[in-house]
Amino acid sequence: MVRLLVTGSPGVGKTTIAIELSKIYNAPLIDVDEVIKPLLRWDDRLQTNYIIDETKARDLIMRKLSNLELFIIDTIAVNLIDRSLIDWCIVLRLNPIQLMQRLLMRGWPRCKVIENVLAEIVGSSLSMAIDTFGKDRIIEVDTSNKGVGEVVKYIVDHLSSGVPNVGVVDWFDTLSTDLLISLSEEMDKCLT
């Protein structure tokens, strides 16, 4: 039985990795956004969807997943997934400079890119995953400069060993103070 949640900042490769894991484990890939679609609304100012009723969203997800013995979920909304439904949470990380390049190439608005890059730097996806599932069910993966096959093999190996892996990435050790200040100043401009 495998019930996996793949998460991380937008642009780190969640969907790509989740698709590959679903093939390996012959598990259905669950699109949380599709499950909760009736509860999503677009916010033009924030350039993102928001959930109009988180309790109902949790209920819809619980009903969708509770009778499945295996599945792969790809989402940033880990807080909507009940701890009892997940065996392992895979947190994908990506060097913030690579993430910025990837999101800009996708045509994302600059302020949205900066917001997500800063979220990756501080590890907000990892923090949310730890808060929701605990460190004992998390495998953190640095996807920087790695191919899909290499990332998937790393995940499968760690799942097979049954050993959690947290503390792999600390972007503060690798990024210059000047870059961090520049990103912070740019985010301040976005917010005014």
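How many disulfides does the structure hold? The structure holds 1 disulfide, a term for a pair of cysteine sulfur atoms within 2.5 Å. This is a predicted model, where local features need pLDDT of at least 70, side-chain atom pairs count only at pLDDT 80 or more, and totals for chains, interfaces and linings use all residues. Residues are numbered from 1 along each chain as its sequence is written, and side-chain values use heavy atoms, leaving out hydrogens and water.

Start with the link itself. Cysteine 111 pairs with cysteine 190, and their sulfur atoms sit 2.0 Å apart. The link is left-handed, with -85° about the S-S bond. Cysteine 111 lies in helix α5 and cysteine 190 in helix α8, so the pair ties together parts 79 residues apart in sequence. Helices here are DSSP runs (H or I, at least four residues), as are strands (E, at least two), numbered from the N terminus.

Cysteine 111 is partly exposed at 34% relative accessibility. Cysteine 190 is partly exposed too, at 24%. Cysteine 89 is buried, at 0%. Buried means under 20% relative accessible area, exposed over 50%, and partly exposed in between (1.4 Å probe, protein chains only).

Now turn to the nonpolar cores. Such a core is a set of buried Ala, Val, Leu, Ile, Met, Phe, Trp, Tyr and Cys residues joined through side-chain atoms within 4.5 Å. The largest has 33 residues, and Leu21, Ile90, Leu92 and Ile155 touch the most other members. Elements giving it two or more residues include β1 (3-8), α1 (14-24) and α7 (148-161). The largest share, 5 residues, comes from α7. A second, separate core of 24 residues includes Phe71 and Phe133.
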